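Let's take a friendly walk through a protein model. Keep the picture in view as you read.

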Amino acid sequence: MSKISRKNFFRGLALGTVSLPLVIRSCGGQNIAQDNSSPAIHSGKKYRWKMVTTWPPNFPVLGEGCTLFAKWVKEMSGGRMDIRVYGGGELVPPLEAFDAVRSGAAEAGSGAAYYWAGKDPATQFFASVPFGMNAQQLNAWILRGGGMELWTELYAKYGLVPMLGGNTGVQMGGWFNKEINSLEDLKGLKMRMPGLGGKVLEKAGGTPVLLPGGDLYTGLERGVIDATEWIGPYHDYKMGFHQIAKYYYTPGWHETGTALEFFFNKEKFDMLPPDIKAIMESAALRLNGWMLAEFETQNAIYLKKLLEEEKVEVRSYPDEVLAQLRIHTDEIIEEITQEHPFCKKVYASYDQFRKAATDWAALTEKVYYNSIQI
Ligand code: CA
């Protein structure tokens, strides 16, 4: 700032007579405004990426979220990053999204990490654990409590970069045609329940059945399954389960706040200019907030429809049934963590965070919810 006094500099800025490029040049001797040493930022290079998803095309909230993400990234990058979103089956089958992005056939993917448990059981801790953390706590663990570092380490083994991309909130417990009054009622029950929840149901004597979303209505109607879980009032209403099942159970002990994810081909992501990487991280974080708000909004609207228009009967799992399912959950997690060292490492972090978060919630949210119990 050799030719202009400090006082005049600030006055000049206020009056608009001192332009910022001049200031930058005179401050550090480096012409940032005309600096071409980061060509990636200024080259205007355009990227055309494909995102494969595990969701049916235009699937409410989850598929819509991918479209929003792509829209925001395009807007923020001035059109330099253009991501085309494909519904499950449009480019590759839904559950091949992970491998498609790994191989570079697509650059980006969207799903829930527990879909990849068959490839690596540690993935599921980044989506949902029965009786696990809720959305707020899982967000905190992943974003601020060390979860993201572990998730990044895990996905790097598969040539991927993960990002958090939303959360369903606590799900519902599912649709039944008979009441669940004791553990005996779970014995032999054929229920659609994926992931760790399915393993827990199996320990309790039930038969978890894996059926894709599109087959659930007819499966339940024809008795291929006795019961099914799905998501919550909004999606469940659209599936029409209230037309063929008598009782709607709460809570979704098996999915207490399922995180959704984006994953990117690491080699391609690493080659992006820093500003586009930052734009994608910002868009994912924005979507993370949007999705929970959308679930909260729509579920409240559709719960009212189910209760008042469809006269659905809501039931709660009895305490002793939930207590036993919790014991089985601990057994399943013990088995997995004994067998897989990385699962042990991830779960140690998850569990430590959960215990602290639970102590905090017990003093605040739990007391608060009890105070407004109707
Ligand atoms: Ca579910």
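This is a predicted model: local features need pLDDT of at least 70, side-chain atom pairs count only at pLDDT 80 or more; totals for chains, interfaces and linings use all residues.

Residues are numbered from 1 along each chain as its sequence is written, and side-chain values use heavy atoms, with hydrogens and water left out.

**The calcium site**

Start with the calcium ion, which is coordinated by Gln-171 (OE1), Glu-229 (OE), Glu-229 (OE), Trp-230 (O) and Glu-255 (OE), at 2.2 to 3.0 Å. Donors here are N, O and S atoms within 2.8 Å of the metal (3.2 Å for Na, K and Ca); water is not among the atoms, so sites may look incomplete. Along the chain, the calcium donors follow the spacing Q-x57-E-W-x24-E. Gln-171 sits in the loop between strand S4 (160-167) and strand S5 (174-176), while Glu-255 sits in the loop between strand S9 (247-250) and strand S10 (259-265), so this pair ties together parts that are 84 residues apart in sequence. Helices (H or I, at least four residues) and strands (E, at least two) are DSSP runs, numbered from the N terminus. Gln-171 and Glu-255 are both buried. Buried means under 20% relative accessible area, exposed over 50%, and partly exposed in between (1.4 Å probe, protein chains only).

In soluble globular proteins, nonpolar side chains tend to be buried together. In this model, the largest nonpolar core has 105 residues, and those with the most contacts inside it are Trp-49, Phe-69, Phe-264 and Met-280. Helix H12 (residues 274-309) gives the most to this core, with ten residues. Such a core is a set of buried Ala, Val, Leu, Ile, Met, Phe, Trp, Tyr and Cys residues joined through side-chain atoms within 4.5 Å. Leaving aside neighbours within four places in sequence, Phe-69 is in contact (heavy atoms within 4.5 Å) with residues including Met-51, Ile-83, Phe-262 and Leu-287.

**A buried strand residue**

Thr-228 belongs to strand S8 (residues 227-228). Is Thr-228 buried or exposed? Thr-228 is buried, at a relative accessible area of 0%. Beyond its neighbours within four places in sequence, Thr-228 has contacts that include Gly-174, Trp-175, Met-191 and Phe-241.

**Charged pairs**

Side chains of opposite charge can pair when their charged atoms come close. The structure holds 18 salt bridges; a salt bridge is a side-chain nitrogen of Lys or Arg within 4 Å of a carboxyl oxygen of Asp or Glu. Here are some of them.

| Pair | N to O distance |
|---|---|
| Arg-102 and Asp-99 | 3.8 Å |
| Glu-107 and Lys-268 | 3.9 Å |
| Glu-335 and Lys-203 | 2.7 Å |

Arg-102 and Asp-99 share helix H5 (residues 97-103), three residues apart, about one turn of the helix. Arg-102 is partly exposed at 39% relative accessibility, and Asp-99 is partly exposed at 32%.

Now take the salt bridge between Glu-107 and Lys-268. Glu-107 lies in the loop between H5 and strand S3 (108-111) and Lys-268 in helix H11 (residues 266-270), so the pair ties together parts 161 residues apart in sequence. Glu-107 is buried, with a relative accessible area of 8%, whereas Lys-268 is partly exposed at 31%.

Glu-335 also forms a salt bridge with Lys-203. This pair links distant parts of the chain, with Glu-335 in helix H13 (residues 319-339) and Lys-203 in helix H8 (residues 195-203), 132 residues apart. Finally, Arg-48, Lys-74 and Asp-82 are linked in a network of salt bridges.
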